[in-house]
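Please keep the structure open while you read them.

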Amino acid sequence: MALKWWGGNAGGMTLVGALIGLAVLFDFLNGFHDSSNVVATLISSRATSSWMALALSAVAHFCAPFLFGVAVATTIGQEIVDPTTLTINAILVALLSAIIWNLITWFLGIPSSSSHALIGGIVGAVAASGLSTIKMMGLAKVLVALFLAPVLGLLSGYLFMKLVLFLARGASPRINRLFNRLQIATSLALALSHGTNDAQKTMGIITMGLVTTGYLAHFTVPRWVVLVSALALSLGTACGGWRIIRTLGGRIYRIRPIHGFTSHATSALVILGAALLGGPVSTTHVVGSAIMGVGSAERLSKVRWGVASHIFTAWAITIPVTALLAALLCQLSGLLRL
């Protein structure tokens, strides 16, 4: 792999170090923020203990990026903007914007999208200096994937739950033991799909920065970037964002083993399919919409739509808010001559 080392350029090395540090922090917060997607229903339905659920999820998140390629990383790093036309400051601002939004929504207990936050940050940072470097076709692909995935999660959750209810009709309450065992298996599948999709976003950002600064001659994700991204995501997952776990695990409706199994199974299929196709979908959106679809399949009134409306609002405003925040940070850095 061709590398361009900036011997003696302390400023360049400092910026690259800052880029990697912020990217790792974003990845950790992504795992911390999004661990709820995998373990919330597992914990609330009492299929396993909370710490066991987080530990299993963390291991699966670490292994996932090594198993399913780097298609999403390539989409993030190459197909939204041309990395050779970006500045390192723009990438740093995009990461900082996404981190700030993740912390705000975690504090409020709102399951927003780290993917949307990162995309919004990139677009806002680039737009601050002109729109010419944005690849509209690539951005359209990303936006279609981000907004179509929750619809698929809702519909597939609804239909799969209807099928499971039909197959389990007349069963005794003992069937919950089966659903609990199945839920553990599907939660591991969901963790693998989430780790595959989300760790690659950090890989794409780091590699984009290495190309931008000249440390890499062309966009190829180094093995050490895969390792660092997988480790940061799994550590964040192990710590667990308990505020959001409580929202997804109980505030939408009371989760039982059948809900955990069906929502995990449908979410894993949607997210893994998107990852293999290079679509950086929001795991938060897919899992949240699948939970709503599963609950609606029993009866519409089962879902607390007031809570769901707050979640939908956060989903709708994430990209505009992070784009605006990134643009403002760019202006501020310009005024301060950072």
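1. Basis of the comments. This is a predicted model, in which local features need pLDDT of at least 70 and side-chain atom pairs count only at pLDDT 80 or more, while totals for chains, interfaces and linings use all residues. Residues are numbered from 1 along each chain as its sequence is written, and side-chain values use heavy atoms, with hydrogens and water left out.

2. Overall make-up. The chain has 12 helices and zero strands, where helices (H or I, at least four residues) and strands (E, at least two) are DSSP runs numbered from the N terminus. Of its 338 residues, 56% count as buried, a term that means under 20% relative accessible area, with exposed meaning over 50% and partly exposed in between (1.4 Å probe, protein chains only).

3. Contacts and surface. Among contacts (heavy atoms within 4.5 Å) with a separation of 6 or more, 86% join residues 24 or more positions apart. The accessible surface comes to about 13800 Å², and carbon and sulfur atoms hold 72% of that surface; such areas come from the Shrake-Rupley method with a 1.4 Å probe, and for residues only the protein chains shown count as cover.

4. Helix α4. This helix, residues 88–108, reaches 31 Å from its first C-alpha to its last, close to the 30 Å expected for its 21 residues at 1.5 Å a residue; the expected span is 1.5 Å times one less than the number of residues. Just after α4, glycine 109 takes a positive phi of about 75°.

5. Helix α11. The end C-alpha atoms of α11 (residues 283–298) are 23 Å apart, which agrees with the 22 Å that its 16 residues should span. Helix α11 is also mostly covered, with 15 of its 16 residues buried.

6. Valine 151. Where does valine 151 lie? Valine 151 belongs to helix α6, residues 136–167, and counts as partly exposed because its relative accessibility is 43%.

7. Methionine 208. This residue is placed in helix α7, residues 175–212, and is buried, with a relative accessible area of 1%. The C-alpha atoms of methionine 208 and valine 81 are separated by 9.5 Å, although the two residues are 127 residues apart along the chain.

8. Cysteines. How many disulfides does the count give? With a disulfide taken as a pair of cysteine sulfur atoms within 2.5 Å, the count comes to zero. Cysteine 63 is partly exposed at 34% relative accessible area, whereas cysteine 330 counts as buried at 16%.
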